[in-house]
Amino acid sequence: MQDSFPPRACPFHDEVSVTEPGPMTRVTLLSGQEVWAASRHADVRAVLTDPAFSSDRANPGFPNPTGRRVAQDRRAKPSLIAMDPPEHGPARRAVLGEFTVKRLAALRPRIQQIVDDHLDRMLAIESRTADLVEALAQPVPSLVICEQLGVPYDDHEFFQSRSKTLLSRSAAVEDMRSSLDELRAYVDKLVSEKESAPTDDLIGRQIAKHRAEGTYDHEALVSLALLLLIAGHETTANMISIGTLALLRQPEQLALLMAGQDRTTGAVEELLRQFTIAEFVTSRVAVADTEIGGVTVKAGDGVLTLGNAANHDPAVFADPERLDVTRGGRNHIAFGYGAHQCLGQNLAREELRIVFDTLFTRVPTLRVDVPLSELPFKDDATIYGLHSLPVSW
Ligand code: HEM
């Protein structure tokens, strides 16, 4: 089965043929820019923990695969993911409290209810067929992050379509520009409303906290809320669809998952490792000469950290191509590594566990309706996944 599975996600696949871990190598991006590609687990972790590497997208050396990255408005503050020390640490700590184990435990019943409601609706379809992306994978994480942030879910079509354009590898640069501007204007207005009428949601609590500490900055909060809104639904949704497909195609793994004690925990980690859907976001630029994997990366050089190759490094994962839900361990780097490691990882894990557990328990006859070769994989996006997944039951 595994042989016929689609090639592993790599948003740089047009220009970077590095899908296996190997020595540090120079690659030329579609934009013509030459950068380093780190693909061994140890090299990727070294880059992501070395202060000689910056996350500043405005640095001209930062990898820009298509040459079409749209810059933020000059007034805009960089979002957390694009910050370096000394700004990054305090900015991250200020919002960390929103993602604690305690807060997530409180959120669990609501996530379960959202999943159940969507499955009720899907199972009520008379034809017993649906697009799983539309019925479940997209709306669940989207609704969860909207409720957490205090963003009206009724506007989801607006911000989902704009995020899709922003994360596309083929959209015209002017469309990406206007999508970013429209999204930013939308979040800006929302934050302003919450400034004058306090709300008990992440944005509202951040306003109150920073005002009390005398550190409130409207533009910084707009950048953070925008990042969370995009990251919160574009990532987990793809893991739901591609994870469901992988489990349906490997029924022995699905059976192991269903038989396991703590059913979905290991499976979720393994699916995250296997697909590493967001390796694009962990790119860096060197700000000082430094040695990685035996080569000198010069200040100003861009570095792609190919998390997907690294997560298939046989030095770390035995028989890495095999999906093995009993593999155990969290030493994959699907959520990145080091200071910028995914802030929403525990929320994503919780959503994925609840979705897989509930979906395969409630719909044991679930099957994919079209051959693999006809499935629309997101080869055109910076975050891998599926545009749609036709299923029946
Ligand atoms: C399966 C789902 C997800 C995957 C695979 C994923 C992946 C990643 C990765 C690889 C990074 C590291 C970026 C870097 O090193 O520069 C990251 C950072 C981040 N993620 Fe996620 N993510 C997921 C879900 C989420 C969710 C649900 C949220 C929000 C609620 C979120 C919010 C963030 C934020 C805010 C950062 C930046 C953290 C920082 O720079 O300190 N992510 N994510």
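Analyst: This is a predicted model. Start with an open sheet of three strands, in the order β4-β10-β9, where the pairing is antiparallel.

User: Ok, which strands stand at the edges?

Analyst: β4 (129–131) and β9 (367–368) do. Each has a single partner strand, so one side of each has no neighbour in the sheet.

User: How many bridges join β4 to β10?

Analyst: Three, and the two strands run antiparallel. β10 covers residues 390–392. As one example of who faces whom, threonine 129 stands opposite serine 392 in β10.

User: Switching to β8. Which way do its residues point?

Analyst: Strand β8 covers residues 302–305. Gly302 and Leu304 point one way, while Val303 and Thr305 point the other way.

User: And are those residues buried or exposed?

Analyst: All of them are buried.

User: What does β8 pair with, and in which sense?

Analyst: Strand β2 (residues 34–38) runs parallel to β8, with three bridges between them. Strand β5 (residues 284–286) pairs with β8 over two bridges in the antiparallel sense.

User: What is the bridge partner of tryptophan 36 in β8?

Analyst: Valine 303. Valine 303 in β8 is also the bridge partner of arginine 284.

User: New topic: α14. How far apart are its end C-alpha atoms?

Analyst: They are 25 Å apart. Helix α14 has 18 residues (345–362), and at 1.5 Å a residue it should span 26 Å, so the two values agree.

User: Which residues of α14 are buried?

Analyst: Among them are Leu347, Ala348, Leu352, Ile354, Val355, Phe356, Leu359 and Phe360. The buried ones also include Arg349, Glu350 and Glu351.

User: What do they pack against?

Analyst: The buried residues of α14 pack against α3 (101–123), α4 (132–137), α5 (139–149), α10 (236–249), α11 (251–259) and α12 (263–275).

User: Zooming out, how many helices and strands are there in the chain?

Analyst: The protein chain has 14 helices and ten strands. Its radius of gyration is 21 Å, close to the 21 Å from the globule rule for 393 residues, so the chain is as compact as a globular protein of that length.

User: What does the C-alpha trace span along its principal axes?

Analyst: About 55 × 55 × 40 Å.

User: How much of the chain counts as buried?

Analyst: 42% of the 393 residues. As for contacts with a separation of 6 or more, 73% are between residues 24 or more positions apart.

Note on methods
Residues numbered from 1 in each chain as written. Predicted model: local features only at pLDDT ≥ 70, side-chain atom pairs only at ≥ 80, totals over all residues. Helix = DSSP H or I, 4+ residues; strand = E, 2+ residues; numbered from the N terminus. Expected span 1.5 Å × (residues − 1). Buried ≥ 20, exposed ≤ 12 C-beta atoms within 10 Å, placed from the backbone. Contact = placed C-beta atoms within 7 Å. Pairing = 2+ DSSP bridges. Rg over C-alpha atoms; globule rule 2.2 N^0.38 Å.
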